[in-house]
Amino acid sequence: QVQLVESGGGSVQPGGSLRLSCATSDVAKSNFMAWFRQGPGKEREGVAAIYVSWSTTYYADSVKGRFTSSRDTAKATVYMQMNGLKPEDSAMYYCAAAADGTLGYNNGWSVAGRYHSWGEGTKVTVAS
């Protein structure tokens, strides 16, 4: 089982920024890493993903232009820089890992069932 450790959540005002981090214990099984979020009473949704080998990134329409995914292979860590945060971004954010490098096709990256490991989540609250 791959261990994923998230950090970086917190409370910010609208328009603020946060950076989430997710460290993986097994790089070989983490070719694709993604961020999902789940707000109160809402379904879990894919927010962003990164194909680690090529640093190719994918985003949900709701966060394009505001969120940026990146990776540091030396640290086995991926990041998600979140700028221009809105109240509707408030949620638990979960890191997920997959070995399948083809998740970039047909929005496969946004399907939660394609990932074999999940972090425990980090809470993001955006409020005045």
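**Ground rules.** I kept in mind that this is a predicted model, in which local features need pLDDT of at least 70 and side-chain atom pairs count only at pLDDT 80 or more, while totals for chains, interfaces and linings use all residues. I numbered residues from 1 along each chain as its sequence is written, and I took side-chain values from heavy atoms, with hydrogens and water left out.

**Entry 1, strand β8.** I began with strand β8, residues 77-82, taking strands (E, at least two residues) as DSSP runs numbered from the N terminus. I found five of its six residues buried, where buried means under 20% relative accessible area with a 1.4 Å probe, protein chains only. I then looked up its neighbours, counting two strands as paired if DSSP finds at least two bridges between them. Strand β3, residues 18-24, runs antiparallel to β8 and is joined to it by six bridges, and strand β7, residues 67-72, also pairs with β8 in the antiparallel sense over six bridges. I noted that M80 in β8 is the bridge partner of L20 and also of S69, while V78 in β8 stands opposite R71.

Next I turned to R37, which lies in strand β4, residues 32-38. Is R37 buried or exposed? I read it as buried, because its relative accessible area is 6%. Leaving out residues up to four places away in sequence, I listed what R37 touches, including V47, F67, D89 and M92, with contact meaning heavy atoms within 4.5 Å.

Which cysteines form a disulfide? With a disulfide taken as a pair of cysteine sulfur atoms within 2.5 Å, I counted one, and it is formed by C22 and C95, whose sulfur atoms are 2.0 Å apart. This pair links distant parts of the chain, with C22 in strand β3 and C95 in strand β9, residues 91-98, 73 residues apart. I recorded the link of C22 and C95 as left-handed, with -80° about the S-S bond. C22 counts as buried because its relative accessible area is 0%, and C95 is likewise buried at 0% relative accessibility.

Conventions:
Buried means under 20% relative accessible area, exposed over 50%, partly exposed in between (1.4 Å probe, protein chains only). Helices (H or I, at least four residues) and strands (E, at least two) are DSSP runs, numbered from the N terminus.
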